[in-house]
Structures are given as C-alpha cells and as structure tokens.
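Colleague: Could you walk me through this model? I'd like to begin with its open space and then turn to the helices.

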Amino acid sequence: GVFLYVLGEHNDARAWFHTGDRAARFCHDGNLEAWMHARSAIVSLHYGTPRFALMLADKAAALHRGPSGAAVRTQLVRARALARLGDRVNAWGALKAASSAFESLDDGETSNKVFCHTERQFLAHSANTLTSLRDTRAATRLREQALAAFAGHDSAEHLDPALARIDEGLCLLWEADPTAACHHVMAAIAELPREHRTGLVGVSAHAFFVNLTPAQQRLRAGVELKE
C-alpha cells in the first residue's frame, strides 16, 4: 500500500490498506487498525480531499490507545488536513498532540520510517502543516532542520526532501515571488533521479501549480513548470 501510494496508484493503495484494516480488526489490533486508517488518510490528503482525509484520521484517532507510531501519524495527518481546511486552532492542537506523542517514543520506534516517523520526517511533515497555514517563518525553520538532517543521513532518501522543497516553493509563493517559487519547484523535480519522479511527486507539484493565480500560471516560469 505504501509503495503504490508513492507511485501514484492511489486506488490500489487504498485497497491494500482496506485489506490490512480487515486483518487488523480480525486480530483485535487497534493500533494497527488505526495505522491503516491513518495511511489511507494520507492517500486522501494527496489524491482526494482534506475533508475525507480528516474523516479517516478521526476514525484512526478513536482507535489507538496511548503514545505510538500510529498516534503520531494520525495526529500529523489530522493537522495537515485541518490546515488545508483553514482550521488554524484545531490544526495547531493536532500538531501539538503529534509532537507530544512523538517525544514520548523511544529511539527504536522513531527509527522506523514505515510504522512511525524519523525525526527528519516528523520535522518535514510538521513544516508542511505550517506551510498550509501560511506560517512561512515557522515552516521555514522546521524545514531547514529537516533538510539538514536528510542531508546528513547516511542512506539516500529522495522523496521527503523533494516534497519539502516543493513546500519551500509554496512559501516563496505566499511571500509574493511566483517566478522564484516556480523555479524552485522545477529544480526540486529536475534534481531527482528519474526513477524517483513518482506519481506522488507529480501530484504534489501539480498541487503547487493550482495555487498559482491564472495570471501567475501565464508567467514564463508558470508555463515552464506546467510543461
């Protein structure tokens, strides 16, 4: 399900998470069931609507008990969905809940990139929430920490840094520099190895593009980005 989501095969990803949800319910594993709903919510966040993502995340929040990787993921996706819906108060509340859950986990749990978040992933996804809230100063601070951590890590990670750089483009856009913003997003994509230019990268770049006004889309940089 995770791999298919990244590749852009969102319907198949949802089907796998639905299968996982049924298995988790059969085993009475509430945290795993919550994780499946939270993962499905992330699919909806990118390929569906923030309102449906929030519904799935709320369903996950009702299932997990105590701090866990599932709780961190659930509250983060709630924060991101609420931010996109313009609900600042509840988005901040969910972000604080995610941070509290994350801080209570041990190193073994936070080193698991699938069932939890590494610190660099957590920073990047928290910055995404702040970007959607147009809190560019706070978003930039967290994102710079995340990108420095990705750069200093031994293994090659491409996806999250690329998505963080697309978020940087949004911050430039919110700061009224659409040409620089478009160039920044184009560079983020161009610098990715071709095999890592997945459906998720494409849909994230398109989400940036639709934030441009019609006049900004007609700028030379906007036309180049669209191409």
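Modeller: Happy to! Helices here are DSSP runs of H or I with at least four residues, numbered from the N terminus. Please keep in mind that this is a predicted model.

Colleague: Which helix gives the most to the lining of the largest pocket?

Modeller: The largest pocket has a volume of about 1200 Å³ and is lined by 46 residues. Helices that each supply at least two residues of this lining include α1 (2-7), α3 (30-47) and α12 (199-209). With eight residues, the top contributor is α10.

Colleague: How many residues of that lining are charged?

Modeller: By class, 23 lining residues are nonpolar and 13 are polar. Asp-160 is among the residues that lie nearest the pocket centre, along with Tyr-5, Leu-159, Leu-163 and Leu-200. For charged residues, the count is ten.

Colleague: Are α10 and α12 roughly parallel or roughly antiparallel?

Modeller: Their axes come within 10 Å and cross at roughly 5°. Residues making the contact include Leu-163 and Ile-166 of α10, and Val-201 and Phe-208 of α12. By class, the contact has nine nonpolar, two polar and no charged residues. Angles under 35 degrees count as roughly parallel, so α10 and α12 are roughly parallel.

Colleague: And Glu-33, is it buried or exposed?

Modeller: Glu-33 sits in helix α3. Beyond its neighbours within four places in sequence, Glu-33 is in contact with Asp-21, Ala-24, Arg-25 and Leu-63. Buried means under 20% relative accessible area, and because Glu-33 has 13% relative accessibility, Glu-33 counts as buried.

Technical notes: Residues numbered from 1 in each chain as written. Predicted model: local features only at pLDDT ≥ 70, side-chain atom pairs only at ≥ 80, totals over all residues. Heavy atoms only, no water. 1 Å grid on protein atoms, 1.4 Å probe; cavity = no way out; pocket = protein on both sides within 12 Å on 5 of 7 lines; lining within 4 Å. Points joined across faces, edges and corners; volume = space filled by probe spheres on them. Nonpolar A, V, L, I, M, F, W, Y, C, P; charged D, E, K, R; others polar. Axes fitted to C-alpha atoms, helices over the stretch in contact; angles between N-to-C directions. Parallel < 35°, antiparallel > 145°, perpendicular 65-115°, else oblique. Contact = heavy atoms within 4.5 Å. Buried < 20%, exposed > 50% of the residue type's maximum accessible area, 1.4 Å probe, protein only.
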